[in-house]
Amino acid sequence: MLLHDTALIYGRYLRQSLRSRFALLFGVLTPLLYLVFFGPLLTHLPLGGTSSSWQVLVPGLLLQLGLFGALFAGFMIIVEQGQGVVERMRVTPVSRLALLLGRVLRDATVFVFQAVLLVLAALVMGLRAPLAGILIGFAFVALLTVSLASLSYALGMRVRTPQEFGPLINMVSMPSMLLSGLMLPMALAPAWLNVLSHFVPFRYLVDAVRDAYLGHYATAHMLYGSLVAVGFAALAVTVGTRVFRTAGA
């Protein structure tokens, strides 16, 4: 029943996304602008190691896509509460876990699709990376989306208005972006900033995807990144499910 219910909710929200094709493509615009206008600036900079500037920038942009997109997913559930959609779902026998999983799996599908478009554009601009590494990057985007979208929906169930939701998300997203090394490796930062960045879980994901884009799969970065991604996803889904149950979603 859980799989059946999840498939129903997933299909419902995926059809909504497919009907809004402009929004689907618009979501990839910001990372694409970084790729086109910021990427060439890094071409001749000494970034360290043997990686090219594209192998540094593209993994960060992929995770930026998941970070910002998934964190703001909770806006939708605030709107649905105002329209009575959540209230109507409350009286159905659908599993509360399915109500969450259907939503976050739709988000993961959308952001992985946008990540594919971003990587295709990067390949045209000069990115060279092994296919296995690119696929691993997509897997990390999906896990990050599941994690952050779950927490975002949980927060959306707890706040009453978008005016409350927005500042809370910005308070999390901006430090996460700046300290995770999305744009440039944190190894280039001063020592104190590099140490501080290790307390941000997203840094481990960024380092892992960059190693994958170099074809380095048996590294400490890959191990730590995988453990953090899977553990964070499990924790986030657990928290989100508990909020959905107690809030009567």
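## Where helix 5 meets helix 8

Gly 74, Ile 77, Ile 78 and Gln 81 of helix 5 touch Ser 152, Tyr 153, Gly 156 and Met 157 of helix 8; contact here means heavy atoms within 4.5 Å. The residues of this contact comprise four nonpolar, four polar and no charged. In this count Ala, Val, Leu, Ile, Met, Phe, Trp, Tyr, Cys and Pro are nonpolar, Asp, Glu, Lys and Arg are charged, and the others, Gly among them, are polar.

The crossing is right-handed, meaning that the near helix is turned clockwise from the far one by less than a right angle. Helices are DSSP runs (H or I, at least four residues), numbered from the N terminus.

## How to read the model

This is a predicted model, in which local features need pLDDT of at least 70 and side-chain atom pairs count only at pLDDT 80 or more, while totals for chains, interfaces and linings use all residues. Residues are numbered from 1 along each chain as its sequence is written, and side-chain values use heavy atoms, with hydrogens and water left out.

## A cluster of rings

Which residues do ring pairs link into a cluster? They are Phe 72, Phe 75 and Phe 165. Rings of Phe, Tyr and Trp (its six-membered ring) pair if their centres lie within 6.5 Å; planes under 30 degrees apart are stacked, over 60 edge-to-face, and the rest tilted. The whole structure holds four aromatic pairs. One of them, Phe 72 with Phe 75, is stacked, at 5.9 Å centre to centre and 5° between the planes.

Phe 75 also pairs edge-to-face with Phe 165, at 4.7 Å centre to centre and 65° between the planes. Phe 75 lies in helix 5 and Phe 165 in helix 9 (residues 162-179), so this pair ties together parts 90 residues apart in sequence. Phe 165 is buried at 0% relative accessible area, whereas Phe 75 is partly exposed at 28%. Buried means under 20%, exposed over 50% and partly exposed in between (1.4 Å probe, protein chains only).

## A look at Ser 17

Ser 17 belongs to helix 1 (residues 2-19) and is buried, with a relative accessible area of 13%. Leaving aside neighbours within four places in sequence, Ser 17 is in contact with Arg 106 and Val 110.

Note on methods
Helix = DSSP H or I, 4+ residues; strand = E, 2+ residues; numbered from the N terminus.
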